[in-house]
Amino acid sequence: MNHDHSKKIPDGASFDRSGSQDSLDELSMDDYWKELENIHETRGNNHEERVALVVKEPDEGELEEEWLKEAGLSNLFGESSGDSLESMVFLSTLTRTQKAAVEKRVETVTQTMRKKNKQHQIPDVRDIFRLQNDSKGNVCDGSEPSTVRTSENKNETHDGTKGPKFSLGTDEQKNLPEDMPSSDTDINLEISFAEQAANLKDSSVGKMYKGGGGDTLLPNFRLPKDKTGTTKIGDLAPQDMKKVYSLALIELTALYDILGTEFKQQKAVKIKTKDSGLFGVPLSLLLEQDQKRVPGTKIPLIFQKLIAQIEETTLETEGLLRIPGVATRVKGLCQELEAKFYEGTFNWENVKQHDAASLLKLFIRELPQPLLTVEYLKAFQDVQNLPTKKQQLQALNLLVLLLPEANRDTLKVLLEFLQRVIDHRDKNKMTLKNVAMVMAPNLFTFHGFGSKTIEQSEFVMAAGTANVMRFMIQYQKLLWTIPKFIVNQVRKQTESQKKEKKDKAMKKFLKKMAHDREKHEKQEKIPNDTDVPQGVIRVQAPHLSKVSMAIQLTEELKAGDIVARFLSQKSGNVQTLKREEIFLYEIGGNIGERCLDDDTYMKDLYQLNPNAEWVIKPRLS
């Protein structure tokens, strides 16, 4: 198939190749335009009428109002504004830049409500911050450009009692940029990304990694080891993840505010979609019907099967993902899959590898709403406009945290598969850049938005989204990490909520844990907490033959060492669980529940959360 990409680029058009994009010349963009042409041909062969997704343009103040609701701060305005105790607890944990982002949105909503003469009690957010700060004796008024004033005693909680010490993502422990990570490629997860951006703004340090091109020139970003353990998506309990979502939304908004990039969530108007089948079915609905067949599955079965079918042949096939299947054959296979997949009568031997790859991409494109969601697709695209690669990576990290669980899990499986394809690049000739070029149109040119952009800006968007795709593939392990400053804010929120009101849910949970222990311990007596000496923790393992053990904390003791110690204590019970299936969990105290990575130093974590219980159990997800 001949393709003249010059048709896409107006005469005399110039493309800035010196920005954060990686100097993608017109030749390297050829795979992108060919893929786009294949997509248009596929849609042209599909004579069924498609209902385009309608994206609603928000009214004045509506966007900010929706943002505050999403951030869990609806108590700051409207009829429920009087009941803002929970919101004040939440606000007390925010950084200076996060507070500024909230204040900006509340101010807009307040002005809009006054214009519309809504008869609501509308508090001034500055009064809320002032009241909250006065109660703490710790003012964070945000008046200084890059400094956050904090309490003299970092170990004091807001009620004057002694508590664990953890950073809330400000520069209270580290003075930027003087005390930057040891390497420019280290990703600092202890300090808020927006706070780092505020400190680095207009400085020469902030202009690193702006040029370059080719796979080898992507920075080798890494996460420095954290003694209290790295927290991945899936490690935290649902109640903790709800807090993470709110904090990630506020942090992303604050980061975009600092960097002067507009952040607007799109809003889709509900449309009629298919309520059964495989292609064109909402992801959540597809998973519902799949979970009836395979309980607990988190990835659509057809998506898993298509990837398996592609890999069954070999990943060394030249042009894999780039060379399309025969359009008429792909259409026929699609119809046959719809009729026979769930019956188990579909003959997979008839599916050629390139056809399976085309079906996989078709599945992604045919989702009624994009895999990256209507709300955040534009924000994903706008990552390309951020000044540095490190900031682009930070924004992507936060955006991944904001995706619904089904979208995030499916995206993860896709990115892992794409990396496996790239691992065979010597044979299949599909480098990181090639794969990104081919996949970007499938994730970013969503059919529901139409194409109103001029050709020149379309070229710029193509280059930018291809680079965003490269980032998602290259740094996928980093993107599924929850920044430590956000985890610390979750801890602070949990701690503050317990001081403001009794956490009934946690109390019930701990009571159930105690009941379960009694049930599994049989005749073995467990000493009370008062019987445990200083520097010793008691670890429960109701699923193992040794159900309880007192562990002496040392400087070098890690979570993996404790699990190994339990597994070595075999009795008459048969060990049915594999080592890789069980983990040590931190439960209660200032967190809901957190699965610990094996390299977590237990003494450091114990100092961070001395009131936690420690339980070894299988990982559910």
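Biologist: Is the crossing of H2 and H4 left-handed or right-handed?
Modeller: In this predicted model, the crossing of H2 and H4 is left-handed.

Biologist: What makes up the contact of H2 with H4?
Modeller: On the H2 side there are Glu64, Glu65, Trp67 and Leu68, and they meet Ala101, Val102, Arg105, Val106, Thr108, Val109 and Met113 in H4. By class, this contact of H2 with H4 has seven nonpolar, one polar and three charged residues.

Biologist: What makes H9 roughly parallel to H14?
Modeller: H9 and helix H14 (residues 405–422) pack at an angle of about 5°, and their axes are 11 Å apart. Angles under 35 degrees count as roughly parallel, so H9 is roughly parallel to H14.

Biologist: Which residues bring H9 and H14 together?
Modeller: Phe303, Ile307, Ile310 and Glu311 in H9 meet Thr410, Val413, Leu414, Phe417 and Arg420 in H14. Sorted by class, the contact of H9 with H14 has six nonpolar, one polar and two charged residues.

Biologist: What is noted about the phi of Leu321?
Modeller: Leu321 has a positive phi of about 80° although it is not a glycine. Most residues other than glycine have a negative phi. Leu321 is found in the loop between helix H9 (301–313) and helix H10 (327–340).

Biologist: How do you know whether Leu321 is buried or exposed?
Modeller: The relative accessible area of Leu321 is 0%. Buried means under 20%, so Leu321 is buried.

Biologist: Where is Lys429, and what is its phi?
Modeller: Lys429 is in the loop between helix H15 (425–428) and helix H16 (432–444). Its phi is near 60°, a positive value in a residue other than glycine.

Biologist: Why does Lys429 count as partly exposed?
Modeller: Exposed means over 50% and buried means under 20%. Lys429 has 46% relative accessibility, so Lys429 falls in between and counts as partly exposed.

Biologist: What makes Glu288 partly exposed?
Modeller: Glu288 lies in helix H8 (residues 283–293). Its relative accessibility is 47%.

Biologist: How far apart are Glu288 and Pro300, in sequence and in space?
Modeller: Glu288 and Pro300 are 12 residues apart in sequence and 9.2 Å apart in space, C-alpha to C-alpha.

Biologist: How do you know which class of accessibility Val536 belongs to?
Modeller: Val536 is in strand E3 (residues 536–540). At 12% relative accessibility, it is under the 20% cut-off, so Val536 counts as buried.

Biologist: What does Val536 touch, leaving aside its neighbours within four places in sequence?
Modeller: Val536 is in contact with Ala550, Ile551 and Gln552. Val536 and Thr554, which are 18 residues apart in sequence, have their C-alpha atoms 9.2 Å apart in space.

Biologist: What can be said of the protein chain as a whole?
Modeller: The protein chain has 22 helices and seven strands. Of its 621 residues, 53% count as buried. Among contacts between residues at least 6 apart in sequence, 77% join residues at least 24 apart. The protein chain exposes about 29,100 Å², and carbon and sulfur atoms supply 48% of it.

How values were computed: Residues numbered from 1 in each chain as written. Predicted model: local features only at pLDDT ≥ 70, side-chain atom pairs only at ≥ 80, totals over all residues. Heavy atoms only, no water. Helix = DSSP H or I, 4+ residues; strand = E, 2+ residues; numbered from the N terminus. Buried < 20%, exposed > 50% of the residue type's maximum accessible area, 1.4 Å probe, protein only. Contact = heavy atoms within 4.5 Å. Areas by Shrake-Rupley, 256 points an atom, 1.4 Å probe, with all protein chains shown as cover. Left-handed = near helix turned anticlockwise from the far one by under 90°. Nonpolar A, V, L, I, M, F, W, Y, C, P; charged D, E, K, R; others polar. Axes fitted to C-alpha atoms, helices over the stretch in contact; angles between N-to-C directions. Parallel < 35°, antiparallel > 145°, perpendicular 65-115°, else oblique.
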